[in-house]
Amino acid sequence: MELKLGRPDLAGVETDALVLLETEGGKRSDLAQALTPLYESGEIAGKFLEFTLLHGVQGFKARRVLVAGAGKPEKLDATGLRRIASAAVRHLKGKGVTSAVFALDGPALGNVATEAGVAAVATGLLAGSWEPDRFKTVKEPGKSVGSVEIAVALTGEGVEKAFERGRIIGEALNLSRDIAVEPPNILTPTAMAERARAMVQGTGLSFEVLDRGRMQQLGMGALLGVAQGSAEPPAFIVMQYKPDKASGDVHLSGIHLGLIGKGVTFDTGGISIKPAEGMEKMKYDMCGGAAVIGAMQAIARLKPNVAVTGIVPAVENMPGSKAQRPGDIVTSLSGKTIEILNTDAEGRLILADAITYALQLGCTHLVDAATLTGAIAVALGHTSSGVFASDDALLERWMSAAKDAGEKMWHMPLDDEYRDQLKTVYADIQNIGGRWGGACSAAMFLKEFSGETPWIHLDVAGTAWLDDEKPFLAKGPTGIPLGSFVNLAMGW
Ligand code: BES
Ligand code: ZN
Ligand code: ZN
């Protein structure tokens, strides 16, 4: 979908659909006089995400006017606006609308008719344009809206920049979702590395894929143990962004952010095999990795002042004849030995080696994102991602980055007591805790490898994929936590 920023005259603009925001109880635009009977009859109340599509509205040249409810003006923020923009595009799909104008303008929109609002609308419109139909050979006709112009009264260079930033994040989200929606027979670890390679073309990012041989040389025993049950070879993807020395010198800040995403292209559970029912859902087990690839695209374009390394350990967890067994002991890249008690707790094994590798590359701050445990979805449902942090200052930065991105996060505990669950007499650590607090013992396992370096672990098992579509989001991969990743890098 094409996106533009402009200042058209709202009454005179010729377009298939003009989207007008109306708040609940807020001052109404004089422009929309013709809608007064609809307000008076109570048909349009301005409730959040209430949509009314009207044809041939007096006073407008637009073929249709879509009145988009924005809720109470004092409650409306950038996240709400992003959702409205996204839902508006989704509402217009399949209705023969090829061009639209989204008006970020109105007497009650003072809170959000800002630069941040422009960025939110741009991201939202693009996010709303995405459909999980890549593999349908016959697409529903008229399902896509060709172009949308954001109409603002604001002027200045900052507005253009905000628009660009919103667009770049929206495009990155959709790239990440395009990768994540690929099925596991197509998106093998090798294919995932190819998607990352295609992304870095022309971005200036440096790129490397470590193959199995290289991983053996380095001693990534934890990752290789997971990979050995599959006929598909693993791929360890490394994408690096270095700020331009002329502007914002990396060496002055000394910050080197490491973003790590779980890239299990399919998780059968391995020998500790999962039940058949619902197993197909485990094609989503690379969503953390897909978010890192998308985030690196946005970071390459937005050029933050800090160095950023994106790492995606990509493997398939299969129960082949060479598969690792419960009872195996592997030696991780850190040198620590791990007793495998359950081969389905594979994410933490590949992340352990990825975290150690990131430290070897000199990362000063780490954030990993992983569809790590069913337990986090039991605890938090599908609304918030679980955040585990070893450092309060990084946690504060992260929570603020996530809030701005509209990605809900909930701080979870990482008390030393959880470490007790991982004790074994046969090795340095075992790969599962007990029945209780599964998301916490998984996080505690990872903490063992991040050591003293400020680190955040995000369990996105409940939020990376949407099983039931929402007005503002299609079914399928959500892209979470890409927006937070990018904001964290940009905010430093
Ligand atoms: N990818 C799964 C996490 C998962 C499981 C997400 C179920 C959504 C639903 C992960 O690799 C896994 O299998 N975790 C196990 C850990 C257990 C064996 C300690 C889990 O959560 O059941
Ligand atoms: Zn698993
Ligand atoms: Zn998994």
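# Ligand site, pockets and backbone details

An oxygen atom of ligand 1 sits 2.7 Å from an N or O atom in the side chain of Asp 344. This pair passes as a polar contact (two N or O atoms within 3.5 Å). The model is predicted, so to speak of local features takes pLDDT of at least 70, side-chain atom pairs need pLDDT 80 or more, and totals for chains, interfaces and linings use all residues. Residues count from 1 along each chain as written, chains are lettered from A and ligands numbered from 1 in written order, and side-chain values use heavy atoms, without hydrogens or water.

**Ligand 1: contacts and surroundings**

- Asp 267 places a polar side-chain atom 2.9 Å from an oxygen atom of ligand 1.
- Leu 372 uses its backbone: a polar atom there is 3.4 Å from a nitrogen atom of ligand 1.
- On its own, ligand 1 exposes 500 Å², and the protein buries 73% of that area. The area is accessible area by Shrake-Rupley with a 1.4 Å probe.
- The ligand is surrounded by 16 residues, each with a heavy atom within 4 Å.
- Asp 267, Lys 274, Asp 344, Glu 346 and Gly 374 are the closest of these residues.
- By class, this shell holds 7 charged, 5 nonpolar and 4 polar residues. Gly counts as polar and Tyr as nonpolar in this scheme.

**Largest pocket**

- A pocket is an open set of 1 Å grid points where a 1.4 Å probe fits, with protein on both sides within 12 Å along at least five of seven lines; lining residues have an atom within 4 Å of a point.
- The volume of the largest pocket is about 1,200 Å³.
- Its lining comprises 47 residues. Nearest the centre are Lys 274, Met 282, Tyr 284, Thr 373 and Gly 374.
- Two or more lining residues come from each of helix H10 (347-360), helix H11 (374-380), helix H14 (438-450) and strand E19 (465-466). Helices here have at least four residues and strands at least two, as DSSP runs.
- H11 provides the largest share of this lining, 6 residues.
- The lining divides into 20 nonpolar, 14 polar and 13 charged residues.

**Second largest pocket**

- The second largest pocket has a volume of about 890 Å³.
- It is lined by 36 residues. Thr 79, Arg 82, Ala 405, Gly 406 and Glu 407 lie nearest its centre.
- Helices H2 (78-92), H3 (115-129), H4 (157-180), H12 (392-405) and H15 (482-491) each supply at least two lining residues.
- H3 gives the most, with 7 residues.

**Backbone details in loops**

- The peptide bond from Ile 480 to Pro 481 is cis, with omega near 5 degrees. Pro 481 belongs to the loop between strand E20 (476-477) and H15.
- Leu 49 is not a glycine, yet its phi is positive, near 65 degrees. Leu 49 is in the loop joining helix H1 (36-40) and strand E3 (51-55).
- Lys 303, also a residue other than glycine, has a positive phi near 50 degrees. Its loop runs between helix H9 (287-302) and strand E11 (307-317).

Note on methods:
Polar contact = N/O pair within 3.5 Å; in protein donor to acceptor, adjacent residues only side chain to side chain. Points joined across faces, edges and corners; volume = space filled by probe spheres on them.
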